[in-house]
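Here is a protein to get to know. Look at the sequence and the fold, then read on.

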Amino acid sequence: MLEIRHLETLAAIRDGGSLLEAAERLHLTQSALSHQLRELEARLGTPLLNRRTRPARLTTAGLRVLALADDVLPRMRATERELQRLAAGRTGRLHIAIDCHSCFQWLMPALDAFRAQWPEVALDLSAAFSFAPLPALVRGDLDLVITSDPQPLEALEYEPLFTYEVVLAMSEANPLAGARHIQPEQLADQILVTYPVDKQRLDVFTRFLDPADVEPAGVRKAELTPIIVQLVASNRGVAALPNWALTEYLDQGWLRVKPLGPQGVWSTLSAAVRSEDMDAPYIKDFLKIAREVCFRNLTGIKAVQRDSKG
């Protein structure tokens, strides 16, 4: 009666905390997920989810199926990876560049997990802040680039990892701390602290300030996220950063964060790969591991919704 998809459904409900989030992780609509769950409950003759609570909670039967999922799914995925290694050979090269300053938080655990599964793949990582990594990927100098700034290069494909909100961080003493959300003109008298990259690669300019024809009072650059946070916390500027990169600092009460505009500014982090390499088993496995690590370690991110062709 139980199928792998049922185990994945129960695990997604537990990990996501709601049917909506579970549906997004499984790339299903909420109604399709609910139908699948009710069909399984009818097969088993017992409810798996207590829908009277908010949020809905797994019943005793649901927890028993979840325990099975926690036992079976990791073993199944480990076997799949072992079969991939046997089918594709155990060697390869994966030279990665990151085109964003705040990726280390989730990327290093992902690389550690990948090394354990593919020990004979030559793995290398570089920070691509000071050069253009996508042309290097086309040339073959790199094998994968983590970027939120895709370029329309014919030889490349972009595999989305997750979407995230770009939020404005400020100190408690900043007058903007009392706003519900930030309007572009409110940054006209603020010092904007950014990473040392061209403004055309920063969403706060291309998708928020530039369309409104607004410039901040000044721009101050810093290499590292902790330094940016220190500057912001001491009220020496504001910074537009990924929501997930600020979680640990918000827990310490150093900052306030506000959406950019009433709808917020959302961006997608993707992995760029040469089209010819998209089907390489170890690259596909790295993308799978990276997504798993992201959703396990980061808060405030969302799965990328794919259309029926995706």
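## Basis of the model

The model is predicted: local features need pLDDT of at least 70, side-chain atom pairs count only at pLDDT 80 or more, and totals for chains, interfaces and linings use all residues. Residues are numbered from 1 along each chain as its sequence is written, and side-chain values use heavy atoms, with hydrogens and water left out.

## Overall build

The protein has ten helices and eleven strands. Its radius of gyration is 22 Å, close to the 19 Å that the globule rule gives for 310 residues, so the protein is as compact as a globular protein of that length. The radius is taken over C-alpha atoms, and the rule is 2.2 Å times the number of residues to the power 0.38. Helices (H or I, at least four residues) and strands (E, at least two) are DSSP runs, numbered from the N terminus.

Along the principal axes, the C-alpha atoms fill a box of roughly 65 × 50 × 35 Å. Of the 310 residues, 45% are buried. Buried means under 20% relative accessible area, exposed means over 50%, and partly exposed is in between (1.4 Å probe, protein chains only). Take the contacts between residues at least 6 apart in sequence: 75% of them join residues at least 24 apart. A contact means heavy atoms within 4.5 Å.

## Helices H5 and H10

How do H5 and H10 pack, and at what angle? Helix H5 covers residues 104-117 and helix H10 covers residues 281-297. Their axes lie 9 Å apart, at an angle of about 135 degrees. That makes H5 oblique to H10. Angles under 35 degrees count as roughly parallel, over 145 as roughly antiparallel, 65 to 115 as roughly perpendicular and the rest as oblique. Axes are lines fitted to C-alpha atoms, for helices over the stretch in contact, and angles run from 0 to 180 degrees between N-to-C directions.

The crossing of H5 and H10 is right-handed. A crossing is right-handed if the near helix is turned clockwise from the far one by less than a right angle, and left-handed if anticlockwise. H5 brings Trp106, Leu107, Pro109, Ala110, Leu111, Ala113, Phe114 and Gln117 to the contact, while H10 brings Tyr282, Asp285, Phe286, Ile289, Ala290, Val293, Cys294 and Asn297. By class, this contact has 13 nonpolar, two polar and one charged residues. Ala, Val, Leu, Ile, Met, Phe, Trp, Tyr, Cys and Pro count as nonpolar; Asp, Glu, Lys and Arg count as charged; the others, Gly among them, count as polar.

## Helices H1 and H3

Helix H1 (residues 4-16) and helix H3 (residues 30-44) form another pair. Their axes come within 11 Å and cross at roughly 120 degrees. The crossing is left-handed.

From H1, the residues are Arg5, His6, Thr9, Leu10 and Ile13. They meet Leu33, Gln36, Leu37, Glu39, Leu40 and Arg43 of H3. This contact divides into five nonpolar, three polar and three charged residues.

Leu44 also belongs to H3. At 26% relative accessibility, Leu44 is partly exposed. Leu44 and Leu2 are 42 residues apart in sequence, yet 8.7 Å apart in space, C-alpha to C-alpha. Leaving out residues up to four places away in sequence, Leu44 touches Met1 and Leu2.

## Buried residues

Thr194 sits in strand E7 (residues 191-194). Its relative accessible area is 6%, so Thr194 is buried. Beyond four places in sequence, Thr194 touches Leu202, Phe205, Val219, Arg220, Lys221, Ala222 and Ile228.

Ser171 lies in the loop between strand E6 (156-170) and E7. Ser171 is buried, at 1% relative accessible area. Its contacts, setting aside neighbours within four places in sequence, are Ala177, Val232, Ala233, Asn235 and Trp254. Pro133 is in helix H6 (residues 133-139). Pro133 is buried too, at 4%. Pro133 and Ala272 are 139 residues apart in sequence and 9.9 Å apart in space, C-alpha to C-alpha.

## Positive phi in two loops

His27 is in the loop between helix H2 (19-25) and H3. Phi of His27 is near 60 degrees, a positive value in a residue other than glycine. With a relative accessible area of 43%, His27 is partly exposed.

Asp213 is in the loop between helix H7 (203-209) and strand E8 (218-221). Asp213 is not a glycine, but has a positive phi of about 55 degrees. At 72% relative accessibility, Asp213 is exposed.
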